[in-house]
Amino acid sequence: MMSDTAKIRKSLVNYLSEVVHYNIEFLVDNCREVVDECFNLSNDLIDYLFCLTQTSNVAKGVEVYLRYMMYPMIIHVAYPCVSYSVFALFQGAIPQIYYSLRTALEAIGIAVFADEESGFNNADWVTKIEMDSVKHASLFKLRGSLHKIFEQVFKDKAQLYLDAILNTYESLSAWLHPTARIRIGKNREVAAGLLKAIVLTIIEKGRPPSYGFQVPMRYSKADIEDLKHLQANIKWTRNSLAILLFTWAYTKDFINKEIIVKHFEQARNDVENL
């Protein structure tokens, strides 16, 4: 005879399985593009991991791993966050996907700053992580330093590429807070945040989005606009990561940059044709 705890456990597992199976079918039928974009992002990170870790010189591999913060950030922070986003999508956990995307983007941005800032040249990443400018970092706080780094790579287009990243970061961040704001153009701000998204769906669809009830939860037609918005944000997260990895790799002669350049070329097309 099953204990009450065992019955609850079985019930939760069955519920999660049913939600995931239902949501996969819903997404394939209604929003296949967001599934593809989510897998594309995960594959991008696998490409970057391959580029960074492909070496026949073990001693050199250990040396660069210890020196550059990009290695632990992409291996232990960015990739796990991005790979989770696929599972979160199938669970109906849209806000949690935004958390994962923003964390991955911020991790790579901070790594670029920590590895390219002239004052940190001789420090290993264990030392860098204890420095105040790294401990208190966010992409907004680092915009001045990142602009200087971008100027070395993109010259007079540095601000264009930096703005693409910061706009993506702001869009992702808006979903992490109950209330927030985003900029429309240079001088206009509008209310955003999780509650605003839920309220807009109630007004337009007559019911909250699925994540406004509980997570995991089955998707409904009321979630389609949020899923399309998520797809666009995943695409721009991919572009932002491609720009940052290209910037970081620009001065590195110990890695094969072919795949990184390929991803950057796609990002450049999107950024420069906005």
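I began with a definition: buried means under 20% relative accessible area, exposed over 50%, and partly exposed in between (1.4 Å probe, protein chains only). At 33% relative accessibility, D36 counts as partly exposed.

The model is predicted, so local features need pLDDT of at least 70 and side-chain atom pairs count only at pLDDT 80 or more, while totals for chains, interfaces and linings use all residues. Residues are numbered from 1 along each chain as its sequence is written, and side-chain values use heavy atoms, with hydrogens and water left out.

**Salt bridges**

I looked up salt bridges (a side-chain nitrogen of Lys or Arg within 4 Å of a carboxyl oxygen of Asp or Glu). The whole structure has eight. One of them joins D36 and R32 at 3.2 Å, N to O. R32 is partly exposed, at 41%. Both sit in helix α2 (residues 32–53), four residues apart, about one helical turn. I noted that helices are DSSP runs (H or I, at least four residues), numbered from the N terminus.

Next I checked K128 and D115, which meet at 2.7 Å, N to O. This pair links distant parts of the chain: K128 lies in helix α6 (residues 125–128) and D115 in helix α5, 13 residues apart. K128 is buried, at 1%. D115 is buried too, at 7%.

**Helix α5**

How many residues of α5 are buried? I found 19 of the 23, so α5 is largely enclosed by the rest of the structure. α5 reaches 33 Å from its first C-alpha to its last, close to the 33 Å expected at 1.5 Å a residue. That expected span is 1.5 Å times one less than the number of residues.

Definitions and conventions: Helices (H or I, at least four residues) and strands (E, at least two) are DSSP runs, numbered from the N terminus.
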